[in-house]
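I am opening my notebook to record what I looked up in this structure, entry by entry.

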Amino acid sequence: MCGIVGIVGKSHVNQAIYDALTVLQHRGQDAAGIVTSYEDKLYLRKDNGLVSDVFRTRHMQRLVGNMGIGHVRYPTAGSSSSAEAQPFYVNSPYGITLAHNGNLTNTEQLAKDIYREDLRHINTTSDSEVLLNVFAHELQEQKQLIPTPEAIFTAVTNVHERARGGYAVVALISGYGLVAFRDPHGIRPVVFGRRETDNGPEFMVASESVALDALGFKLERDIAPGEAIVITEKGELFTHQCSANSKLAPCIFEYVYFARPDSVMDGIAVYKARLRMGEKLADKIKRERPDHDIDVVIPIPDTSRSSALELANQLGVKYREGFIKNRYIGRTFIMPGQHLRKKSVKQKLNALDLEFRGKNVLLVDDSIVRGTTCEQIIEMAREAGANKVYFASAAPAVRYPNVYGIDMPAKEEFIAHNRTTEEIAAEIGADWLIYQELDDLIDACLTGSKSEATLFDCSVFTGEYVTGDIDDAYFARLSAARNDASKGKRAAVENVAIDLHNESES
């Protein structure tokens with residue numbers, strides 16, 4: 001999962017892109033990058049780290065130009081080295097730089113095709129570099145001295161025919177303008193907006209509407225599945241549907257966990273959806289345990305707060321903040337390696353004894369993936385004096401890997417793998433565990449929304465993948481890349497490389 005932004009303005013856009021990336025920081029904390037265009041030249045700064053760490057005054061001063069794109073990275077495919085930081089660049093044709101949120105499912109085959117047929121070289125393991133080179137090749141095939149919207153739309157059409165998976169893309173063509181497009185299923189989110197100035201309209205593309213809000217842009221709409229938009233340096237907007245087989249199927253986990261609650265994506269207000277998740281959970285508790293003895297509902301901050309609040313309201317039970325969060329610790333879900341996740345939980349949260357002592361507590365989280373976090377949090381609740389500890393998940397049991405841009409582990413590492421709900425409860429140390437029903441989760445997202453979605457990608461719960469190209473061989477490769485053991489080996493190799501680099505520098 002990553003965050004992308006692109007702006008075509010009437011003045012320098014470096015600060016605006018920086019501000020947008022800080023708003024989207026929740027989507028990726030591994031690396032950040034910005035590239036701008038000025039007088040037919042591109043200016044790039046990217047590195048590992050948070051936005052505030054990567055960009056210093058000296059970097060911002062060099063990022064000149066009235067249009068640019070930015071990216072915050074959360075590693076899925078590829079490694080977490082700085083070589084994988086985005087945006088990526090190719091000089092032919094025109095000079096193109098690209099940033100991407102999502103994951104291609106046919107990266108290996110595309111990389112081979114690029115080398116053998118397109119005669120292009122891939123220098124990293126990132127699927128974003130592959131996607132950039134596919135787009136660049138297809139644009140070069142249009143044989144235009146100066147790019148045109150029509151040529152760009154034809155190139156994107158060909159990208160859709162070659163690429164598989166989930167992807168939301170922003171690209172910058174030196175001296176020409178900005179391009180943004182979305183996969184034919186609309187799995188990953190992307191919106192665009194505009195704001196009026198005395199010198200004419202400015203345009204912005206971003207992963208979430210909240211980034212537009214923060215910079216004073218008015219949300220126009222989501223980019224449709226399979227659609228591409230072109231915004232020239234002069235501020236001309238062109239849009240075109242580039243896929244004949246597009247059908248909206250957004251990733252439902254965006255609404256459960258990843259998106260900020262103040263975002264609206266594909267016509268669905270994330271905050272309202274999470275409130276309804278809590279309402280649905282309360283209804284299930286009433287059905288299964290009408291004589292429950294819950295004294296207090298406590299969320300595991302931050303994502304589950306909306307669901308926990310409405311759940312408490314519907315049950316007529318007190319809602320309390322029982323955990324204080326250290327704001328300077330990253331999201332444990334996206335931390336590589338089990339050891340780091342375990343270490344960070346107690347650095348991240350501290351229990352307030354007065355809200356736990358002698359009470360039957362219902363803890364609410366957005367989901368349960370590995371079970372690492374909830375197991376330790378339940379232990380913390382007991383240490384704080386809780387009488388009984390119940391646990392509720394605003395999402396169904398996660399049993400299958402996500403292949404479209406969320407770095408969920410091999411299925412053998414899911415706590416729900418081959419376990420019943422009762423066995424999971426015992427494994428995490430809960431006195432009782434309840435999961436959301438999938439139909440209720442879908443209904444929570446759609447009820448009262450303005451969405452045109454008729455289905456979601458719910459593959460992490462069902463194992464049914466909307467692109468239809470996932471088989472056992474793919475899972476075997478995915479497992480080898482994503483399990484904690486392989487991540488540990490990769491991290492060790494990267495650390496050695498860093499040490500060697502440091503030695504050569506000294």
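Before I start, I note that I call a residue exposed when its relative accessible area is over 50%, buried when that area is under 20%, and partly exposed in between. I also remind myself that this is a predicted model.

**Entry 1: salt bridges**

I began with the charged side chains, since side chains of opposite charge can pair when their charged atoms come close. My search for salt bridges came to a count of 24.

I looked up Arg194 and Glu196, whose side chains meet in a salt bridge with 2.9 Å from N to O. Glu196 has a relative accessibility of 56%, so I wrote it down as exposed, while Arg194, at 26%, counts as partly exposed.

I then turned to Lys284 and Glu437, which form a salt bridge at 2.7 Å, N to O. Lys284 belongs to helix H9 and Glu437 to the loop between S22 and helix H15 (438-446), so this pair ties together parts that lie 153 residues apart in sequence. For Lys284 I noted a relative accessible area of 7%, which means buried, and for Glu437 I noted 38%, which means partly exposed.

Which parts of the chain does the pair of Arg73 and Asp30 tie together? The side chains of these two residues meet in a salt bridge of 3.0 Å, N to O. I found Arg73 in strand S4 (residues 67-73) and Asp30 in the loop between helix H1 (14-23) and strand S2 (31-38), so the linked parts are 43 residues apart in sequence. Arg73 and Asp30 are both buried.

**Entry 2: a charge without a partner**

Next I looked up Asp365, which has its place in strand S20 (residues 360-365). Asp365 is buried but has no salt bridge, and the nearest side chain of opposite charge, that of Lys348, is 8.2 Å away. I listed what Asp365 touches, leaving aside residues up to four places away in sequence, and found Ile300, Ser304, Phe391, Ala392, Ser393 and Ala394.

**Entry 3: aromatic rings**

I counted 12 aromatic pairs in the structure. In one of them, Tyr257 and Phe258 have ring centres 4.9 Å apart and planes at 85 degrees, so I recorded the pair as edge-to-face. Tyr257 and Phe258 are buried.

Another edge-to-face pair is made by Tyr390 and Trp432, with 5.9 Å from centre to centre and 80 degrees between the planes. Tyr390 sits in strand S21 (residues 388-393) and Trp432 in strand S22 (residues 432-435), so the pair ties together parts that are 42 residues apart in sequence. Tyr390 counts as buried because its relative accessibility is 4%, and Trp432 counts as buried because its relative accessibility is 11%.

Where charges lie over ring faces, I noted Lys46 over the face of Phe88, at 4.6 Å from the ring centre. Arg289 lies over the face of Tyr390, at 6.0 Å from the ring centre.

**Entry 4: cysteines**

How many disulfides does a search of the whole structure find? I found zero. Cys251 is in no disulfide, and the nearest cysteine sulfur to its own, in Cys458, is 8.4 Å away. Cys251 has a relative accessibility of 2%, so I marked it as buried.

For Cys445, the closest cysteine sulfur is again in Cys458, at 8.3 Å, which is too far for a bond. I marked Cys445 as buried because its relative accessible area is 0%.

**Entry 5: helix H10**

Last, I looked at helix H10 (residues 305-315), where the buried residues are Ser306, Ser307, Ala308, Glu310, Leu311, Ala312 and Leu315. I then checked what covers these residues, and the cover includes helix H9 (270-288), strand S16 (296-299), strand S17 (318-319) and S20. Just after H10, I noted that Gly316 takes a positive phi of about 70 degrees.

Note on methods
Residues numbered from 1 in each chain as written. Heavy atoms only, no water. Phe/Tyr/Trp six-rings, centres within 6.5 Å; stacked < 30°, edge-to-face > 60°. Buried < 20%, exposed > 50% of the residue type's maximum accessible area, 1.4 Å probe, protein only. Helix = DSSP H or I, 4+ residues; strand = E, 2+ residues; numbered from the N terminus. Lys NZ or Arg CZ within 6 Å of the ring centre and 35° of its normal. Lys, Arg positive; Asp, Glu negative; His and termini not counted. Salt bridge = Lys/Arg side-chain N within 4 Å of Asp/Glu carboxyl O. Contact = heavy atoms within 4.5 Å. Disulfide = S-S within 2.5 Å.
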